[in-house]
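Please look over the structure before reading on.

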Amino acid sequence: MADEKVEMNQSSEQGKSDNNQSGMNDNQEKSANSATPEATEKKKVADQEKTEVKAKPSKEKPVKEKKPEIPVRRFTLSSSPHIRDTDSVQKIMSTVTITLLPAILGAAWIFGFRALMLIFLGMAGAIITEWVLQKLFGAKTTVADGSAMLTGLLLSFNLPAGVPWWIPVVGSVFAISIAKLPFGGLGYNPLNPALAGRAFLLASWPLHMTKDWLPAFWWKGSGYGYFAWKVEASKFLVDGQSYATPLEVSKSALTTIKSENVPELVAAAHQTLSTVGDLLFDLIKGNVGGCIGETSALLILIGAAYLLYKNYIDWRTPFSFIGVVAIGGWIFGGTSFFTGDMMFHIFAGGLILGAFYMATDMVTSPITPKGRLIFGAGCGLITLMIRMIGGYPEGVSYAILLMNLTVPLIDRWFVPKRFGHKTIKAQN
Amino acid sequence: MKKTFRGGTHPPEWKLTAEQPGEKLKLPEKVYVPILQHIGAPAIPLVKKGDEVKKGQPIADPGGFVSVPVHSPVSGKVVSIGTYPHAFGRDVETITIESDGADEWHENIKEDADWESVDAKTIRERVRNAGLAGMGGAAFPTHVKLSPPEEKPINTVIINGAECEPYLTSDHRLMLEKPAEILAGAQIVSKAVGAKRTFVGIEDNKPDAVSVLKKAVKDGKFDIKVVSLPVKYPQGAEKQLINAITGREVPPPPGLPMDVGCLVQNVGSCVAIYNAVRFNKPLIERYVTVSGHAVNNPVNLIARIGTPFSELVEAAGGYTKDAAKLLNGGPMMGSAQWTDMVPVIKGTSGIVVLNKEEAYISDEQPCICCGRCISVCPVFLLPTNIARLAEFERFEDAENLGALECMECGSCTYVCPSKRNLVHHIRFGKTSIMALKKKEAQQTKSKGA
């Protein structure tokens, strides 16, 4: 019996050393051993003993050399479960990027080779910034997880097609170096990096960000070719005004109707408003001016449908986001109450892109199902307020950024009711 | 729509041995019978080194109410009593018996011709004397379950044939091979607790078991309903099974199924209960699935308690070259073993051997707050938040989020794209919270005294 005990001690020691070999860190090992309450109680003692055990082997060596009776085959130890799903962060990020491919190709077709280059610059800027900074600070490089690439892509999607080449680069450098890495990188950033980058650009170079719109298929006429790089956005002035996005046109027309007393002007504004309303089909196809990635709702929806099907994004956020904007747009978006164009408000501007790809960013949106509904509704509300009474024609990105800041609070307030608590309540 | 519970996930099924009938494993030369094979107090050895024992003879007495006796699985001689590796992860006092090959039953084990008319008290007594502990994996003493306090009457008995763990098919084979015994056992259980309704819940990836049991119900004129449930892990967890079949929610720990008038028994336990009540046979053998991609010929075996894992794996054709991880139970909730010397115990539903690739533990990446763990958690917790709080040793906050209500099913960890060891951290939190509570209780006690 005594022999058996010695053999046991010896083999469990071997098991422990194997444990270390299998790549488990100390913390893991600690709690693996403390699977039962009694074990935890003894944890401290065990920790003290550990150091002693390390010192012991020299004494025990003669015993160890004794050949064990049973050939011992050793196995990996770890806490359950022992199998994992094949999905990974990398897979999620690359899938999201791939589902944006239709929108990228659409943008390349509508806004020419220029748009493709801007997208590329944004992505390259983000990836290089992340890699260089992490190397510089001696951190583990996380470029391979694909999140930086996605940030760069989404940032470029939010730019007018006529901006100079350095705009996406500066934006993505800001997004990664200020909005993402200082907080701890992927998983810890409070703001959506792409949108933070856009906000920075909008505040720093407002002229480029609000006046560099190019009309759809600009490269087909006006003496430009598909690969034209140098474009003067001012060449596409219509009646002395910059070629604006449909939302801008609609907003200024509405303001005219409400504030002007000159009958001709009001009539002209009504005229504009009706032509804007007729744009719906163009909006869906993407045949309108606007940011690079947000013009064609249809192409974005194709990708979003796949993500929804794969459960990579939660339906709740876009549902409540778009729902609030649609209903609010219908009530307040017209010349009088309940005359607004619901479909126009859904498909114009960046709502579709924002609702499906920006607001659903996992890191910066709430974690609980109910929280996501609230988050989406909040985004919708702020978007509406900016569109209706704010200074900008479009408010999706600021709405999402502002709501990002409320996420910790939402997560704290909307915790799901736990299993069985219903029964306790009913019994009392 | 089929009845189910909210949450849960879909790990691969990998039921490699569904078509393999249960084979009797050859009698082992030596059996290692631990005195602790159940949740509760360990049993107290009755025999000493050198004693001759018969098959089915009690060799250890229960060490309290929540404890069961242990019986000799073979006839032979006690060669040693001492600590030995155990599937629970630490060494446990174990009685080693050398078989004499005769495999003779103890003289007290005989059929009771009048078994159908025994009363509830006798049923509980026989179940306890037979050393029954839940055979689904948790190994809770069966007679405790059969003795609900008066203020908590049980109206529904549910027989658990879900077997939602990947690889395992021992319950599946048992349902195909011993349907009449299962139903007879179920009826005994219902009788013992005075239940009005009895269900058998089976996942619908076992249509053959559903039809076999339905036929057996018809043939035997049992008042039992066989329910087919959609495949979803953890369908076989007690609380989730009750929720799927009756819609009731068992309150969180220390709440028990009896708080909502339910009792759940595994199909294996039913057969054992039937054997105990009718034949006075103790629990000395069970169905064990030996499977996994790292054994050569996965099989279902009928093995004696106390048989070392190594002999079962040998019967399954041995390990493949890249065998890396040995599990007692399935891959979702089973426990990893460092050696195959450990013996089969009453709760060993399967032995699964994983290969190197499956056993690979990838690095943890930061949580990206995707919320998948929340959507799959069958008790609606926030696994990632609790795990993070436990990591930061903020145990009080973790407890407020319901850390102690986690049943460690592993769904969250399975789906986590960041490969975070959520259950692992939560377990650490749980044990730490319990330790703190114990300490507090002791302090108030000493203050009061």
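Q: Among contacts in chain A between residues at least 6 apart in sequence, what percentage join residues at least 24 apart?
A: The model is predicted. The contacts considered here are those in chain A between residues at least 6 apart in sequence. Of these, the share that join residues at least 24 apart is 72%.

Q: How many helices and how many strands does chain A have?
A: Chain A has 428 residues, and buried residues make up 46% of them. Its secondary structure comes to zero strands and 22 helices.

Q: Is D282(A) buried, exposed or partly exposed, and why?
A: D282(A) sits in helix α15 of chain A, which covers residues 280-285. A residue needs 20 or more neighbours within 10 Å to be buried and 12 or fewer to be exposed. Because D282(A) has 15 C-beta neighbours inside 10 Å, the residue counts as partly exposed.

Q: What distance separates the C-alpha atoms of D282(A) and A348(A)?
A: Along the chain, D282(A) and A348(A) are 66 residues apart.

Q: Which element gives the most residues to the side of chain B that touches chain A?
A: In total, 67 residues of chain B are in contact with 55 residues of chain A. Elements giving two or more residues to this side of chain B include β7 (76-84), β15 (323-328) and α14 (422-448). The side divides into 38 nonpolar, 19 polar and 10 charged residues. With nine residues, the element that gives the most is α14(B).

Technical notes
Residues are numbered from 1 along each chain as its sequence is written. Chains are lettered from A and ligands numbered from 1 in the order in which they are written. This is a predicted model: local features need pLDDT of at least 70, side-chain atom pairs count only at pLDDT 80 or more; totals for chains, interfaces and linings use all residues. Two residues are in contact if their C-beta atoms, placed from the backbone, lie within 7 Å. Helices (H or I, at least four residues) and strands (E, at least two) are DSSP runs, numbered from the N terminus. Ala, Val, Leu, Ile, Met, Phe, Trp, Tyr, Cys and Pro count as nonpolar, Asp, Glu, Lys and Arg as charged, and the others, Gly among them, as polar.
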